[in-house]
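Please open the structure in your viewer and keep the selection tool at hand. This tour goes from one stop to the next, saying at each what to select and what is found there.

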Amino acid sequence: MKGIEYLPTLIQIVVLIIVIAGALRMILHDEKNIKAIFFVFAIVAILLSDIYWLAYDLLRPFSRMPFAANEIAEWASFISLGAVLASDIKAFGVDARKERIFSILFVMANVALWIAWTGEWLQDIMTGFALGYLLFYLMIHLKQSESLSKTEWRILAVVCIALIAANTMTFFVDQSLASTFDQITGMILFAGEIYFITDVLLEFRKGTNPAARISLAFALFAWSITSMYMSADIFYFVSMIVSSLSIYMMFVSLKMEVEG
Amino acid sequence: MIYAENILLCIAIPLVVSLLFIHADVRKYVAAFVLGMGMCLLAAYISGFLNLATGMTNNDSSVFLSPVVEELMKLLPMMLFIVLLNPNDSTFTMLAVAIGAGFSTFENCCYILTSGAESLPYILIRGLAVGVMHIVSILALSIWFVGAKRLKVFSLPAIAGGVSIAMVFHALYNLLVSKPGISSYIGFVMPPVVAGLLYILYRRLSKQSVSQD
């Protein structure tokens, strides 16, 4: 059943092609829409990354990819998506200091875990910078758009700390307990994905706060990426499908704003 | 083993001397062409060093390291032009194409001297695929830069995003042609097809630019 592993990537490629076609139409609607331009750029980067990964796996199966171009494309997509949010943040004066600091610490902890798992210092640190750029602006955007309540912010912080703690524990306990921690991490990440999907859908249904729609769709994407980087096997594939869904939701939220 | 520096000197000297007797855009084109050849040599040095430092095979190096190094080396003179000369859109695109053409010409020269030029079909593939690929990647990057400047979004994310897409395109080509068979045919066809698409886009942008002026 080797072919089934390609299914999430193939689904994502189809979603990306649909989104690129729609986003190009969005640019034609408003040629000077900076958000749409950076968004298309990010999506093209993700598409190239997926095609590269697919070609690599078909041409060189069973060989671990060293420092490769698809990682550069992922960095480009994070930076471009960060630029989409940055161009939407009007007043930088919004007090999101705590959230910004927390996002940087969370990314640093993630980078430490990635390095411990893979031993690939350079690419993990660079990925951390790019993802950190996206999360930094996402925090400001979430705060500015008032997308999350105080309780939700607190829950998010506790969940993030729990994730890092559970993943760290896997290095210090025996194999059977480590796999239990892995399962717990996977379940937490999956629950987070379900929560963000519900939150985005509810915000779409309400339709009163366009900025919150964008914020939450981008938050779902960031969460799915974090989940992909933290998990393996079935949890990874599920997170990739959620990531494809989040890409479509980001597109729809931006399209709704552009077309009023 | 070939002496790449000597080959560069041999090709570049007549071109540099010709700069004294030519003017305007032709002079800029030839200068950028020579610069492109120089960047190719520098990229070969850096790739060679990284190849030894990482212990990768030549094939792995061409798939993983060369696209990153070569696209970065082509980006450097482009950034230099933007910062120092601030050329207009059409001149900038012309300079970018000249860098790409110089880069691929020098790479082809070295390749032919190493591997021979007996097989005409192989030489045609080399010229149409690799040669065109370097022009395509840098042309796409220059069109993106021109667009970003026009929309006033020429910033670090725009530069990083643009160059990384050029790198992935280049890496995808190198990956596809690294194995014989269908994948290599797809790889060989990719640059001319994209060149055709970029030609259409370039014509459209040029017309827009003229109508704006």
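Begin by selecting helix 2 and helix 9 of chain A, where Lys35(A), Ala36(A), Phe39(A) and Ile43(A) of helix 2 meet Ile247(A), Leu254(A) and Val258(A) of helix 9. Meeting, or touching, here means contact, which requires that the C-beta atoms of two residues, placed from the backbone, lie within 7 Å. Helices are DSSP runs of H or I with at least four residues, numbered from the N terminus. This is a predicted model, in which local features need pLDDT of at least 70 and side-chain atom pairs count only at pLDDT 80 or more, while totals for chains, interfaces and linings use all residues. Residues are numbered from 1 along each chain as its sequence is written, and chains are lettered from A and ligands numbered from 1 in the order in which they are written.

How do the axes of helix 2 (residues 34-59) and helix 9 (residues 233-258) of chain A cross? They come within 11 Å and cross at roughly 165°, the axes being lines fitted to C-alpha atoms over the stretch in contact, with angles from 0 to 180 degrees between N-to-C directions. That makes helix 2 of chain A roughly antiparallel to helix 9 of chain A, a term for angles over 145 degrees.

Stay on helix 9 of chain A and select Phe251(A), which lies in this helix. Phe251(A) counts as buried because it has 23 C-beta neighbours inside 10 Å; the cut-off for buried is 20 or more other C-beta atoms within 10 Å, for exposed 12 or fewer, and a residue in between is partly exposed, with C-beta atoms placed from the backbone. Leaving aside residues up to four places away in sequence, Phe251(A) touches Val19(A), Gly22(A) and Ala23(A).

Next, select Asp233(A), also in helix 9 of chain A, which has a positive phi of about 55° although it is not a glycine. Most residues other than glycine have a negative phi. Is Asp233(A) buried or exposed? Asp233(A) is exposed, with 10 other C-beta atoms within 10 Å.

Now bring chain B into view, where 19 residues are in contact with 27 residues of chain A. On the side of chain B that touches chain A, the elements giving two or more residues are helix 3 (58-85) and helix 6 (156-177) of chain B, and helix 6 gives the most, with 12 residues. The residues of that side divide into 15 nonpolar, 3 polar and 1 charged.

From here, select Val168(B), which touches Leu48(A), Ser49(A), Tyr52(A), Ala69(A), Asn70(A), Ile72(A) and Ala73(A), not counting residues up to four places away in sequence. Val168(B) and Ile43(A) have the most contacts inside the largest nonpolar core, which has 120 residues. Such a core is a set of buried Ala, Val, Leu, Ile, Met, Phe, Trp, Tyr and Cys residues joined through C-beta atoms within 7 Å. Helix 2 of chain A gives the most to this core, with 15 residues.

As a last stop, select helix 3 and helix 4 (residues 89-115) of chain B, whose axes come within 10 Å and cross at roughly 155°. That makes helix 3 of chain B roughly antiparallel to helix 4 of chain B.

Conventions. Ala, Val, Leu, Ile, Met, Phe, Trp, Tyr, Cys and Pro count as nonpolar, Asp, Glu, Lys and Arg as charged, and the others, Gly among them, as polar. Angles under 35 degrees count as roughly parallel, over 145 as roughly antiparallel, 65 to 115 as roughly perpendicular and the rest as oblique.
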